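Dear colleague,

Please find below the structure that I am handing over to you, followed by a summary of what was found in it.

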Amino acid sequence: MFPIRIILSKLFVVERALYYETLSDERVRCTLCPHYCSVSKGQRGICKVRMNRDGILFTDVDGKYSAVNLDPIEKKPLYHFYPGSSILSLGTKGCNLKCKFCQNHEISQAVPGKYPYMRALSDEEILEMARESRNCIGLAYTYNEPTVFFETMIVLARKVKQDGLKNVMVSNGYINPDPLDELLEYIDAFNIDLKAFRRGFYRIYTHSQLDPVLETLKQVRKSGKHLEVTHLLIPELNSDAKVFEELVTWVAGELGPDTIFHLSRFFPAYQLLSEPTPMELLYRFYDIAKDYLNYVYLGNVNTRFGSDTSCHHCGQILVRRFDYRVEVTGVEKGRCTTCRNKIFVC
Ligand code: SF4
């Protein structure tokens, strides 16, 4: 399917949304994500960027970006995908989740028409930036949830592939199977959040559900595309060691013990202003994860512990990381130079 763009004025371009069905003259149902918003004429869905205009669902994020930056790939975070490279990262606004601890809430929860810092860029301008940036492997759809700018992402992703570059999606995983299937044709690598392993947590703190996220993770794994998982450890909210053990057991069982797992430290943000995750707690959960998974990393921390990659088979250090500086020392064509174990895409 190809999106249709409509220019309402020089500054306001909307694009007809993909993935929705008509319920009546007045209402449409968006089928892009598991919220299945039923949207009345003149209203918007939960993500605030998809709106019903005269019985047709439009998205108003087309061609306008809240941020476009050249980032180290490690910042996504992706640690086993072209380590040491850069990626042109872009975001828009809106999100289909309402995480009380969102670190990008200014854009993810922006009130329609009230976020003035959007920058209009054509697809060609973006691709040119990616081609000309040093060490850049392609585009990352990130900062806010890319699912809500699906139409922009799918068009860009096709062009990126035609250029021989890579596509990366950093996502909360809250997307329906059909649109995800369409994306899987073009996206090379995913980092997907698994925020907790309790339905109540997802319902109360993110306004969404756990099960569709688990299904997304399984669908991506089954596709063979590169997958890394991030889990933000929040004291008191998802810091029950037994539940965390269930979570990593599920990851190891359903996605495999070689699944790259980023355990991230919480810092107060948005509506959740409690203390940061104590380092001792983070280390304890790191040890639990390491009992089940071969590649576990610490994120949002000012320590080198939990940042290097060692080969799980022979123990050789393969990649050393100092913040976002990276030294690739023991990898050749994606394999450990000592035992030839394949653990990287590069
Ligand atoms: S993408 Fe937005 S409008 Fe569509 S179902 Fe999800 S939250 Fe609702």
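In this predicted model, Arg304 and Asp308 form a salt bridge in which the closest N and O atoms are 2.6 Å apart. Arg304 counts as partly exposed because its relative accessibility is 36%, and Asp308 is likewise partly exposed, at 21%. A network of salt bridges with shared partners joins Asp71, Lys75 and Lys76. The structure holds 18 salt bridges.

Two further pairs deserve mention. Arg44 and Asp60 meet through their side chains in a salt bridge of 3.0 Å, N to O. Arg44 lies in the loop between strands S5 (38–40) and S6 (50–53), and Asp60 in the loop between strands S7 (56–59) and S8 (64–65), so the pair ties together parts 16 residues apart in sequence. Arg44 is partly exposed, at 30% relative accessibility, whereas Asp60 is buried, at 5%. In the other pair, Arg158 forms a salt bridge with Glu182, with 3.6 Å between the closest N and O atoms. This pair links helix H3 (residues 150–162) to helix H4 (residues 177–184), and both residues are buried.

The search of the whole structure also found two cavities of 30 Å³ or more. The largest has a volume of about 110 Å³; of its 14 lining residues, Cys30, Cys33, Cys37, Cys47 and Arg50 are the closest to its centre. Its lining comprises nine nonpolar, four polar and one charged residue. The second largest cavity, of about 30 Å³, lies between domain 1 (5–59) and domain 2 (64–306), because both give residues to its lining. Among those lining residues are Cys47, Lys48 and Lys93.

Yours sincerely

Definitions and conventions: Residues numbered from 1 in each chain as written. Predicted model: local features only at pLDDT ≥ 70, side-chain atom pairs only at ≥ 80, totals over all residues. Heavy atoms only, no water. 1 Å grid on protein atoms, 1.4 Å probe; cavity = no way out; pocket = protein on both sides within 12 Å on 5 of 7 lines; lining within 4 Å. Points joined across faces, edges and corners; volume = space filled by probe spheres on them. Nonpolar A, V, L, I, M, F, W, Y, C, P; charged D, E, K, R; others polar. Domains from an automatic or database assignment. Salt bridge = Lys/Arg side-chain N within 4 Å of Asp/Glu carboxyl O. Helix = DSSP H or I, 4+ residues; strand = E, 2+ residues; numbered from the N terminus. Buried < 20%, exposed > 50% of the residue type's maximum accessible area, 1.4 Å probe, protein only.
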